[in-house]
Amino acid sequence: MKCVYLDHCATTPVREEVVESMQSFFSEEFGNPSNIHTPGQRARNALETARKSIASVIGVDSREVVFTSGGTESDNLAIKGVAYASKKGKHIVTSSIEHPAVLNSCRYLESQGYSVTYLPVDEYGLVSADSVKGALRSETVLVSIMMANNEVGTIQPIKEIGEITRARGIPFHTDAVQAVGKIPVKADDLNVDLISISGHKIYGPKGVGALYVRKGIPITSLMHGGSHEQGLRPGTENVPASIGLARAMEHAEEERDAFFQRMLDLRSMLKDGIKKEINDVRFNGHPEHSLPNLLNASFRFVEGEALLLSLDTKGIAVSTGSACSSGSLETSHVLTAMGVDPELATGSLRFSLGRMNDEEDVSYVIAVLSEAVTKLREMSS
Ligand SMILES: Cc1ncc(COP(=O)(O)O)c(C=O)c1O
């Protein structure tokens, strides 16, 4: 049976060059970077080279990059770490369509006496820079707005928001987990102070990520231990995974423009095919300001989970929303915030393309999808 993986926003396979770059650091080069003997220093050098390479992709100093266990930890560290370190107040501004790693960090802070403004979005999932400006208070300690949404792909006006936060001297965090490798993520161009990155969305390993923290931004560690990662993230560093993350970022950056165009072409083909073959479909997300590889579509009179499982029997892997909410029948918080009618929202699928997909895959998906939707609609009527 043909297998077509269209869930690259959930995770990606590790690319061969990345596996190779990590290999020797599991065995021969196993030193602990905190040790001053030769094996330790070899690991330290490799780790610092990896840090420099990540820093260079996002245009920052390597001392501003902290290795973490992934996007979730980076988001937690950015939000709680900055909130706890700030003496100015207890107010945070975020959006209603953030990843649960951001939303639930904010909710936790609410339980600790902080107040959080969850900004609304428009029908395309866009946060307006004006709404950020209007939400700021004298006691606002952090603004956290994701760069690109993981369910519908909408890209936020980060640069514009950054100009506002910069003028007010408020730290600005962006979750760039889905943006890296697709659009430029340069800290200075975007006026951001903290950036969350994850390895497994960019053909790197799972369980590794990074947080950029601009020099001078007050931040507190969430864990207590040794002085690793400048005390911000204690624990012996995951040397192989950090090297893999760096290699994945280098490749993602090198190939970014070509990848963007290739994904755009495949996505157009998929979207046009769906439009042609299936009626009563709504496409969710911004028509222009959007990740090139993501297509979110709602199929009326169809249950998304049923459609997903039906595609799965034909070797096609897609998602009904974010990976974290699959398995639950709750309507997506992102589609709800965008004002998508709840009945339509439950019939939504996220197709996310990747570097190994081709036109043949897309044609296969269109044909199988069209048949599956027709079948499910007949059953439901
Ligand atoms: C936007 C966004 N932020 C954070 C995360 C969490 O990243 P990780 O899986 O590395 O913890 C994800 C993963 O789905 C994501 O899409």
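**Entry 1**

I am working from a predicted model.

Seven strands form an open sheet, ordered 2-8-7-6-5-3-4, and the pairing is mixed. I then looked for the edges. They are strand 2 (65-68) and strand 4 (115-119), and each has a single partner strand, so one side of each has no neighbour in the sheet. From one strand to the next, the twist averages 20°.

Strand 5 (residues 140-144) and strand 6 (residues 172-175) are parallel and share two bridges. Ser 144 sits opposite His 173 of strand 6.

**Entry 1: helices on that sheet**

Which strands does helix 3 lie across? I found strand 2, strand 3 (91-95), strand 5, strand 6, strand 7 (194-198) and strand 8 (209-213). Helix 3 runs at about 160° to strand 7. I looked at helix 8 next. Helix 8 lies across strand 2, strand 7 and strand 8, and its angle to strand 7 is about 100°.

I counted the links in one pair. Strand 10 (residues 294-299) and strand 12 run antiparallel and are joined by five bridges. Leu 294 faces Ser 352 of strand 12. I also looked for a helix on this sheet.

**Entry 2: helix 2 against helix 8**

I took the axes of helix 2 (residues 38-58) and helix 8 (residues 239-254). They are 9 Å apart, and the packing angle is about 30°. Angles under 35 degrees count as roughly parallel, so helix 2 is roughly parallel to helix 8. The crossing of helix 2 and helix 8 is left-handed. I listed the contact residues. Among them are Ala 43, Ala 46, Leu 47 and Ala 50 of helix 2, and Ile 243, Leu 245, Ala 246 and Met 249 of helix 8. By class, this contact has 12 nonpolar, two polar and two charged residues.

**Entry 3: helix 3 against helix 4**

I repeated the exercise for helix 3 (residues 71-85) and helix 4 (residues 100-111). The angle is about 30°, with the axes 9 Å apart. That makes helix 3 roughly parallel to helix 4. What is the hand of the crossing of helix 3 and helix 4? It is right-handed. The contact includes Asp 75, Ile 79, Lys 80 and Tyr 84 of helix 3, with Val 102, Cys 106 and Leu 109 of helix 4. I noted eight nonpolar, three polar and two charged residues in the contact of helix 3 with helix 4.

**Entry 4: salt bridges**

I finished with charged pairs. Side chains of opposite charge can pair when their charged atoms come close. My count is 24 salt bridges. I picked one of them: Arg 15 with Glu 255, at 2.9 Å from N to O. Arg 15 is in the loop between strand 1 (4-5) and helix 1 (16-23), and Glu 255 is in the loop between helix 8 and helix 9, so this pair ties together parts that lie 240 residues apart in sequence.

Definitions and conventions
Residues numbered from 1 in each chain as written. Predicted model: local features only at pLDDT ≥ 70, side-chain atom pairs only at ≥ 80, totals over all residues. Heavy atoms only, no water. Pairing = 2+ DSSP bridges. Helix = DSSP H or I, 4+ residues; strand = E, 2+ residues; numbered from the N terminus. Axes fitted to C-alpha atoms, helices over the stretch in contact; angles between N-to-C directions. Parallel < 35°, antiparallel > 145°, perpendicular 65-115°, else oblique. Left-handed = near helix turned anticlockwise from the far one by under 90°. Contact = heavy atoms within 4.5 Å. Nonpolar A, V, L, I, M, F, W, Y, C, P; charged D, E, K, R; others polar. Salt bridge = Lys/Arg side-chain N within 4 Å of Asp/Glu carboxyl O.
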